[in-house]
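Here are a couple of exercises to work through with the model open in your viewer. Try each task before you read its solution.

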Amino acid sequence: MLALFDLDNTLIDRQGGLEKWARHFVQSRSLPPTAEAVISERLRVRAYSVDLAEIGAAFELSASEGELWREYTEGMAGVARCLPGAESGLGKLRGMGWTLGVATNGAGDIQRAKLTSTGLTRFFDGVCVSEEVGVRKPTRQFFEAAAELCGTDLRLGGWMVGDNPETDIEGGRAAGLHTMWIAAGRQWPTNVRSPDVVVADVAEATATLSALAL
Ligand SMILES: [Mg+2]
């Protein structure tokens, strides 16, 4: 059975990493302390090289877009940490014969750098990054590409596990997958159809999948 996992704030603590990186970035350039929150918020939902270029322009930095993007990707990969229980849970599922994939929106270089630096790559049959496949969650085409990269077919079904109600859960459901939402202390929004399963974190997500008959 296929299980697709979102990456940011599902398997790795992107928010914590971003705050750490922004603090270092601001201090290393002697920017005002208030810049830390501005930069974190600017990159909270998405970060592509153009977003770094806009930050560079806003703070009148001399570095080029390419230099800022490299600094960001290397820095974020360096501070990327798995959320508790991710590695052991994925290892258990893999041992049980699950087909595992990463299904993430974002730029290929940064998402792959984080997977490499955290050691997560080894657990997955396939890694689907929106920039690389030219389609994004929540489109059905994205989930089709993800299943294909895992060596399977979306029509055979499976699970989508993630923290975003629209891109992960609504997208996964519309693609015909069972859905599992990582609540991380939040309430499910009332304007989106409920997921099949709500779990607190990735440790509970993998434990729940492990308990299912394959
Ligand atoms: Mg996420």
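**Lys137 and the magnesium site**

Lys137 lies in the loop between helix 7 (130-133) and helix 8 (140-149); helices are DSSP runs of H or I with at least four residues, strands are E runs of at least two, and both are numbered from the N terminus. Keep in mind that this is a predicted model, where local features need pLDDT of at least 70, side-chain atom pairs count only at pLDDT 80 or more, and totals for chains, interfaces and linings use all residues. Residues are numbered from 1 along each chain as its sequence is written, and side-chain values use heavy atoms, leaving out hydrogens and water.

**Exercise 1.** Work out whether Lys137 is buried or exposed, and find its polar partners.

*Solution.*
- Start with accessibility: Lys137 has a relative accessible area of 5%, so it's buried (under 20%; exposed is over 50%, partly exposed in between; 1.4 Å probe, protein chains only).
- Next, the side chain of Lys137 makes a polar contact with the Asp168 side chain at 2.7 Å (N or O atoms within 3.5 Å, one able to donate a hydrogen and the other to accept it; sequence neighbours count only if both atoms are side-chain atoms).
- A polar atom of that Lys137 side chain also sits 2.8 Å from the backbone oxygen of Ala103.

**Exercise 2.** Which residues are the protein donors of the magnesium ion?

*Solution.*
- Asp6 (OD), Asp8 (O) and Asp163 (OD) are the protein donors, 2.1 to 2.2 Å from the ion (N, O and S atoms within 2.8 Å, or 3.2 Å for Na, K and Ca; water is not among the atoms, so sites may look incomplete).
- Along the chain, the donor spacing reads D-x1-D-x154-D.
- Asp8 and Asp163 are 155 residues apart.
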